[in-house]
Amino acid sequence: MVKRHRMLSFLVCIALATAFLGCASTPTREGTGEYVDDSAITAKVKAAIFNEPSLKVFQINVETFKGDVQLSGFVDSSQSATKAGEVARSVKGVRSVKNNLIVK
């Protein structure tokens, strides 16, 4: 009975360790907490772009990975591309912005 209890405790510890490590981040993959944070940053950047009258939110795609924001899509002018980058940088939690917007 004691041996069975020890084995069960060992298996539970292994399962918990595996679950914890499964949520950890790596250089190429986000952890669960980072994914949630990046989703919030993406939403804030999209909202900030939406609130900027000179920008068209539907032309600009926003992706975030570990606090680094990437802007892509097509805009009407180089001023719009620059403004979108400035707006994204102003959002709390953004570490860097890669502005890949193309002027059409």
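Modeller: The largest nonpolar core has 18 residues, and those touching the most other members are Val45, Ile49, Ile60, Val69 and Leu71. Such a core is a set of buried Ala, Val, Leu, Ile, Met, Phe, Trp, Tyr and Cys residues joined through side-chain atoms within 4.5 Å, where buried means under 20% relative accessible area, exposed over 50% and partly exposed in between, with a 1.4 Å probe and protein chains only. At least two residues of this core come from each of helix H2 (32–50), strand S1 (60–65), strand S2 (68–75), helix H3 (78–89) and strand S3 (96–103); helices (H or I, at least four residues) and strands (E, at least two) are DSSP runs, numbered from the N terminus. H3 gives the largest share of the core, four residues.

The model is predicted, with local features requiring pLDDT of at least 70 and side-chain atom pairs pLDDT 80 or more, while totals for chains, interfaces and linings use all residues. Residues are numbered from 1 along each chain as its sequence is written, and side-chain values use heavy atoms, leaving out hydrogens and water.

Leaving aside residues up to four places away in sequence, Val45 touches Val62, Val69, Leu71, Ala88, Val91 and Val94, a contact being heavy atoms within 4.5 Å.

The strands make an open sheet with the order S1-S2-S3 and mixed pairing, two strands being paired if DSSP finds at least two bridges between them. S1 and S3 are the edge strands, each with a single partner strand, so one side of each has no neighbour in the sheet. On average, neighbouring strands of this sheet are turned by 10 degrees against each other, direction ignored; axes are lines fitted to C-alpha atoms, for helices over the stretch in contact, and angles run from 0 to 180 degrees between N-to-C directions. H3 packs on the sheet, where it touches S1, S2 and S3, and its direction makes about 160 degrees with that of S3.

Eight bridges join S2 and S3 in the parallel sense. The chain passes from S2 through H3 to S3 in a right-handed β-α-β crossover: with the strands pointing away from the viewer, the path from the first strand over the helix to the second runs clockwise. Among the bridge partners in S3, Lys98 faces Gln70 and Ser96 is the partner of Asp68.

Over the protein chain, buried residues make up 28% of the 104 residues.
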